[in-house]
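Welcome! Let us take a friendly walk through this structure, stopping at a few places along the way.

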Amino acid sequence: MTPAVQPHRGRILVVGPHEGPEGLLAQLAGSGFECAVAESAASIAQAAAQIRPEAILVEGGSKAAAQALAVIRESPLLREVPVLADVRRGRAGAVLKLGVDDVVRSAQELAPRLESALRSRRLVEREARARLRLETLLEISQAAASSLELEEILTLAVEKIGKVIKTDRCSVVLVEGKSPRSASVVASLEVQNFKPIQIDLARYPEVRRALETRQALHIEDSSRDPLLAEVRELIMPLGVRSFFVQPLICQDDLLGALFLRMAGSDASFGEEEKEFARAVGAALANSVRNARLHTAVKRKRDELESAYVDRYRELSEANRRLRDLNKLKDELIAVCSHDLRAPLQVLLGHGRLLLEGDALGAPQRGSAEAMIRQGKKILDLVESLLERGKGEAARLSIEPRLLDVSALAQDCVAELGILASERGVTLRAECAESLSVVGDALKLHEVLQNLVTNAIQHAHEAGSVVVHVRRLMRPDGEVARVVVQDDGQGIPAAELPLVFDRYRHGPKGTGLGLAICKEFVELHGGEIWAETPPGGGAAFVFTVPLAREGARQAPAQARSAEDAGQPRVLVVEDEPAVAALLTDTLRASYRVEVARDGAEGLAKARALHPDLVVMDVFLPRVDGLDAAQALKSSADTADIPVILLTAHQGVADKVRALNLGAVDCLGKPFQPLELMHRVERALKLRSAERELVRSQALLRRSGSDPLTGLHDRSGLLMRMEQELARSRRHRRPLTLLALRPDVALSDLARPVAQLVRQHSRVPDVLAHLGDGVLVLLLPEASPTQSHSVVARLRPGLEQATKVGWRSATMDLAVHAGTVAGALDALLDTSPT
């Protein structure tokens with residue numbers, strides 16, 4: 001083998017006999033090729049390992065060429081190397097059939113043909129390397145955007161980089177802060193199952209310089225570069241020649257560096273390799289930054305979750321303490337209810353008995369009246385304290401009784417006359433007639449007091465406030481219409497619908513008090529609104545249904561005590577004074593028996609079988625509730641009606657008493673006439689069948705459908721009148737929607753109504769007109785918006801009933817006729 005003198009154009013392996021300097025080798029060497037010779041096919045592998053040829057030139061005949069090609073195609077090192085055949089002394093056709101890449105026919109063609117073969121090979125290799133770099137960069141970018149952990153992403157990256165750039169070390173170094181002194185090597189190619197290690201950057205000047213300058217650093221020859229002077233003694237034994245360090249920077253955050261190192265005398269980083277390292281560094285920097293952000297967010301989330309758990313425990317403990325305090329408050333209220341009301345009941349009851357008799361003279365009668373008046377004042381104070389102690393729940397219930405709203409308005413005007421006179425405001429009440437309503441006197445008095453106080457505050461100086469009370473006819477019955485009007489600045493039209501919103505204040509701070517007024521009025525079945533009168537000022541209007549004729553009549557007067565057919569009433573009361581008052585009140589009309597505790601009451605009830613039992617809840621030996629349950633559990637006493645007396649006037653206590661079988665629950669203190677009325681009513685309700693008929697009749701008269709609990713036609717018409725008046729007053733949309741099944745659904749009306757109720761808004765009014773026909777009154781909704789309601793309800797209805805449903809809508813706000821006519825027109829409309 002004779003090497004060429006000036007190798008620079010390429011490396012050529014010549015296969016064939018040796019011919020001396022003046023032959024082929026001399027020609028190739030003179031053209032600038034580095035050559036090696038394999039004189040036979042058997043020596044090809046050895047010569048190829050020495051020179052690593054870029055092209056092969058085969059000499060000799062077709063037989064020798066065939067043997068050489070067989071060896072070349074079987075060698076992994078040579079099978080991709082282009083093969084040229086020298087046919088200057090042979091036939092080109094026979095050699096071309098062997099599958100060579102090209103042939104040389106003359107000495108002039110030798111150098112150009114080899115040069116062309118080398119260019120083609122190098123171009124193919126360059127394209128392959130570029131394709132490999134792009135594929136590797138894509139894989140690294142996809143891994144960086146995946147859900148893999150950061151260590152897995154960096155390990156995968158150094159493995160991929162090692163397949164593209166032939167380095168003896170490829171590592172990823174991460175740092176914290178802008179001027180780090182140490183770093184962490186988190187991934188390295190040459191070590192299997194690498195574990196992160198900490199390094200001192202002072203021992204790696206090339207990494208430190210790249211991090212300080214934030215620019216890529218390329219060291220071509222480590223043996224001569226002054227930057228490595230301090231560590232040259234350590235790296236030279238390793239044969240390291242070239243370094244390339246690419247900083248990892250994302251959005252101006254210095255995160256680390258990609259470290260590449262090559263060993264070997266001719267090792268160096270080309271431009272393509274450096275560009276590839278820069279691209280990989282950008283992808284890795286973005287991945288590192290995202291991972292750190294994710295870690296920071298996760299750490300913050302864990303801190304917030306821990307703080308939430310701690311706060312939840314604190315709040316749970318606080319709630320527990322509040323519940324304990326609330327329970328203690330309820331117990332105190334219960335004690336106050338019993339211990340304060342019972343003496344007042346005795347005081348007022350005996351005072352009334354004295355006034356009803358004829359034994360008192362004029363001075364004594366005046367003293368008795370003063371005693372009753374002061375007792376009522378003390379009772380009002382007790383009621384007020386108990387009402388405030390009950391809190392928000394007290395507003396959800398009322399204690400109905402028959403009262404005159406005109407007299408209530410006049411009393412309120414008289415009470416607030418001093419306040420009006422202090423501001424120079426004239427306050428008067430205009431009540432044309434007595435109007436009886438069934439309601440809670442305390443709550444209605446609070447409504448009037450709140451409205452009149454607001455009116456006095458907003459009236460002009462030397463102005464006037466007038467309270468008008470009159471009867472108003474409506475399709476659903478008569479109502480009392482109360483108007484409180486002042487002559488102040490008034491309320492802007494845009495604020496009128498807002499003044500009754502809780503915690504939303506209108507002019508001069510109207511807000512929470514008016515919201516409570518709205519709750520109280522609606523508890524009585526009425527409505528309240530604000531208006532701006534034509535003459536200026538503001539007017540607050542509310543309506544309350546008038547009492548029916550039967551409710552206005554006083555209870556029947558006591559019958560003669562000598563009547564042999566008198567019903568027997570058993571009074572069970574442990575307080576002697578209260579027992580005496582009950583006995584004196586009932587004795588005029590009934591035969592009265594008295595028991596002092598629950599056990600005695602049970603024994604007398606079984607022995608005497610009275611027509612009625614009036615029993616206190618708080619009794620010694622056997623509690624009143626337990627005694628009532630015992631009476632209802634026994635076959636011989638189950639038919640005896642029981643009226644329970646209690647100082648608790650909450651809804652829950654009454655419901656519990658009624659669930660135990662009591663027919664009524666009367667709060668202390670009570671009016672004698674009210675007691676007589678309750679007793680007489682209880683004696684008339686002995687039959688369970690009559691009670692059921694009465695309940696259904698009351699349900700129908702209230703405008704409700706007994707089958708579904710929704711409104712029936714009359715109830716719907718009443719609500720249509722109310723909502724239509726509100727819609728026109730506030731200029732708000734109002735839509736009527738009908739849903740009709742293809743077949744009658746009498747058996748499925750109840751579940752259908754429940755389904756519609758679950759998917760309806762709170763303000764929506766629902767009605768069932770029979771056979772599954774449903775009508776919805778939609779406040780604050782236009783006909784267009786009602787289509788979404790149909791789309792929401794129809795699939796569920798069709799799935800539950802297995803039949804089709806059709807709908808029809810009407811804009812009730814613009815309907816000119818009556819509400820009954822509007823409903824009939826809607827039902828006659830062809831549904832879709």
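## A serine in a loop

Ser223 sits in the loop that runs between β9 (217-219) and α8 (232-235). Keep in mind as you look that this is a predicted model. Is Ser223 buried, partly exposed or exposed? Its relative accessibility is 33%, so Ser223 counts as partly exposed.

Leaving aside residues up to four places away in sequence, Ser223 touches Arg232 and Met236. The side chain of Ser223 also makes a polar contact with the side chain of Asp221, at 2.6 Å. Ser242 lies 19 residues from Ser223 along the chain, and the C-alpha atoms of the two are separated by 9.1 Å.

## A sheet of five strands

Now turn to an open sheet of five strands, where the order is β2-β1-β3-β4-β5 and the pairing is parallel. At its edges are β2 (33-38) and β5 (102-104), each of which pairs on one side only. From one strand to the next, the twist averages 25°.

## Two nonpolar cores

How many residues does the largest nonpolar core have? It has 42 residues, and those with the most contacts inside it are Leu451 and Phe542. Several elements each supply at least two residues of this core, among them α11 (405-415), α13 (441-458), β15 (464-474) and β16 (477-486). The largest share, seven residues, comes from α13.

Not counting residues up to four places away in sequence, the contacts of Phe542 include Val447, Leu448, Leu451, Ala480 and Ile528. A second, separate core has 29 residues, including Ile161, Ile165, Ala187 and Leu284.

## A buried arginine

The last stop is Arg678, found in helix α20 (residues 672-683). Why does Arg678 count as buried? Its relative accessible area is 15%, and buried means under 20%. Beyond residues up to four places away in sequence, Arg678 touches Ile643, Asp664, Cys665 and Leu666.

Conventions: Residues numbered from 1 in each chain as written. Predicted model: local features only at pLDDT ≥ 70, side-chain atom pairs only at ≥ 80, totals over all residues. Heavy atoms only, no water. Helix = DSSP H or I, 4+ residues; strand = E, 2+ residues; numbered from the N terminus. Buried < 20%, exposed > 50% of the residue type's maximum accessible area, 1.4 Å probe, protein only. Contact = heavy atoms within 4.5 Å. Pairing = 2+ DSSP bridges. Axes fitted to C-alpha atoms, helices over the stretch in contact; angles between N-to-C directions. Polar contact = N/O pair within 3.5 Å; in protein donor to acceptor, adjacent residues only side chain to side chain. Core = buried A, V, L, I, M, F, W, Y, C linked by side-chain atoms within 4.5 Å.
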